[in-house]
Amino acid sequence: MNSYYEQIVVGSSLRAVLFAALNDFPVFFTKPEKPFEFDYFDPSIDLSSWGLHNEPQLWTTPNGEKKTGQNKIALWEHVFFVLGLKGLTPFSDFCSSLRIDDNTLTGFSDYAKLRSVDFGMCHYFDEHATYNLLPSENTPKAYNVYDRFAFIRGGKHHLDLIEDKDHFCNKIWFYPSPRLDGETLIKDACVLSILSDDQIDDFDFSETLVRLTTLQKLKDLGLRGPKNGKQADGSQRYRSFKAQAINRTKFLTSPPLWIEGDSVVVPQITEEDLVQDLGRIAENNKRILNSLWLNT
């Protein structure tokens, strides 16, 4: 006989796990959907109810310093850990796909069926590897596309962030290269572009054009590569920037417009609303949080 839950959550984004922690619902997912590493809270957000200090972080930009708060991954990890301690992640991350038939959710590995649970109501948060879920309207899709580049030459400079109003190369973060051991002044880059389905496959929005655009932005700001001797007139000569692609990842930011069913609903509550309610979510989990804080 299958286990039965009155209400469940499908999805593992920050919005999904906060919703689950607020209501004590179990969460089911395939791959844990952590926030992206450059997603930050506003410095004004109070995270103290979850034992986090939202200390301002300063980013050097061409127009001065920009202030952000704590990385969102830290809160996600705290909430996800508490859900696990309460037994609210029944399948953990063992599933590669999920399937819903009527009021039964089944998890599958790459090779076999793992387990099924029955439920009364499912709150669906756009888990991408879930089948037989809901019909949807055919709406345009938009993606946050992140391109990472390793600087082979010219990675030493003072900038941490370049922002642009254009959706292509909208933000460029520079961070100490993890390719090199120890502390280093050499920075690699991560570039955010907001693209449609058609643009992702268009060469004009490819990794090559992202790389060239990034290097051109650095040149336009007056930055140069390493010194390389003198020109005939005695002026300084510089070597050009050189970078190579590491990888490209994309995240769907405008999911299909799902048409709800009798037992599957799509919550409209936003991440911002849930973050504003962190105190109440912590209160709902205070027994575990207090025990954790006593042992830290």
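The legends below accompany close-up views of a predicted model.

**View 1**
Let us start with α1 (14-23), a helix that is mostly covered, as 9 of its 10 residues are buried. Those buried residues are Leu14, Arg15, Ala16, Val17, Leu18, Phe19, Ala20, Ala21 and Leu22. The elements that cover them include β1, β2, α2, β7 (113-124), α5 and α6.

**View 2. The largest nonpolar core.**
Here we look at the largest nonpolar core, which has 32 residues. Val9, Leu18, Trp50, Leu75, Val79, Leu83 and Leu278 have the most contacts inside this core. At least two core residues come from each of α1 (14-23), α2 (72-85), α5 (271-276) and α6 (278-284). The largest share, 8 residues, is supplied by α1. Val9 deserves a look of its own: beyond its neighbours within four places in sequence, Val9 is in contact with Ala16, Phe19, Ala20, Phe25, Pro26, Val27, Phe28, His123 and Phe125. Another core lies apart from the largest one and has 21 residues, including Val145, Ala189, Leu195 and Phe205.

**View 3. Two edge-to-face aromatic pairs.**
The structure holds 18 aromatic pairs, and this view picks out the rings of Tyr5 and Phe28 together with those of Tyr40 and Trp59. Tyr5 and Phe28 are arranged edge-to-face, at 6.0 Å centre to centre and with 70 degrees between the planes. Because Tyr5 belongs to strand β1 (residues 3-10) and Phe28 to strand β2 (residues 27-28), their pairing ties together parts that are 23 residues apart in sequence. Phe28 is buried, with a relative accessibility of 0%. The ring centres of Tyr40 and Trp59 are 5.4 Å apart and their planes stand at 75 degrees, so this pair is edge-to-face. Tyr40 sits in the loop between β2 and β3 (57-61) and Trp59 in strand β3, so to speak of the chain, the pair links distant parts, 19 residues apart. Trp59 counts as buried, at 9% relative accessibility.

**View 4. An aromatic cluster, and a lysine over a ring.**
Ring pairs join Phe36, Phe38, Tyr40, Trp59, Tyr146, Trp173, Tyr175 and Phe251 into a cluster. Elsewhere in the list of ring features is Tyr143, with Lys250 lying over its face at 4.9 Å from the ring centre.

**View 5. An open sheet of 5 strands.**
The strands of this open sheet follow the order β11-β12-β13-β10-β16, and their pairing is antiparallel. Which strands stand at the edges? They are β11 (161-163) and β16 (242-252); each has a single partner strand, so one side of each is left without a neighbour in the sheet. On average, neighbouring strands are turned by 15 degrees against each other, direction ignored. Within the sheet, strand β10 (residues 142-153) and strand β13 (residues 187-196) pair over 8 bridges in the antiparallel sense. Asp147 has Val191 of β13 as its bridge partner.

**View 6. The hairpin of β14 and β15.**
Strand β14 (residues 227-230) pairs with strand β15 (residues 236-238) in the antiparallel sense, over 2 bridges. The hairpin has 5 residues between the strands, and Gly234 takes a positive phi near 95 degrees.

**View 7. Thr89, a buried loop residue.**
Thr89 is found in the loop between α2 and β5. Is this residue buried or exposed? Thr89 has a relative accessibility of 16% and therefore counts as buried, given that the cut-off is under 20%. Leaving out residues up to four places away in sequence, Thr89 touches Val27, Phe29, Phe80, Leu83 and Gly84. A separation of 28 Å lies between the C-alpha atoms of Thr89 and Tyr143, which are 54 residues apart along the chain.

**View 8. Asp102, an exposed loop residue.**
Our last stop is Asp102, in the loop between β5 (97-101) and β6 (104-108). Asp102 is exposed, and its relative accessible area is 68%. Which residues is Asp102 in contact with, leaving aside its neighbours within four places in sequence? They are Phe119 and Ser263. The C-alpha atoms of Asp102 and Phe38 are separated by 39 Å, with the two residues 64 apart along the chain.

Conventions: Residues numbered from 1 in each chain as written. Predicted model: local features only at pLDDT ≥ 70, side-chain atom pairs only at ≥ 80, totals over all residues. Heavy atoms only, no water. Helix = DSSP H or I, 4+ residues; strand = E, 2+ residues; numbered from the N terminus. Buried < 20%, exposed > 50% of the residue type's maximum accessible area, 1.4 Å probe, protein only. Contact = heavy atoms within 4.5 Å. Phe/Tyr/Trp six-rings, centres within 6.5 Å; stacked < 30°, edge-to-face > 60°. Lys NZ or Arg CZ within 6 Å of the ring centre and 35° of its normal. Core = buried A, V, L, I, M, F, W, Y, C linked by side-chain atoms within 4.5 Å. Pairing = 2+ DSSP bridges. Axes fitted to C-alpha atoms, helices over the stretch in contact; angles between N-to-C directions.
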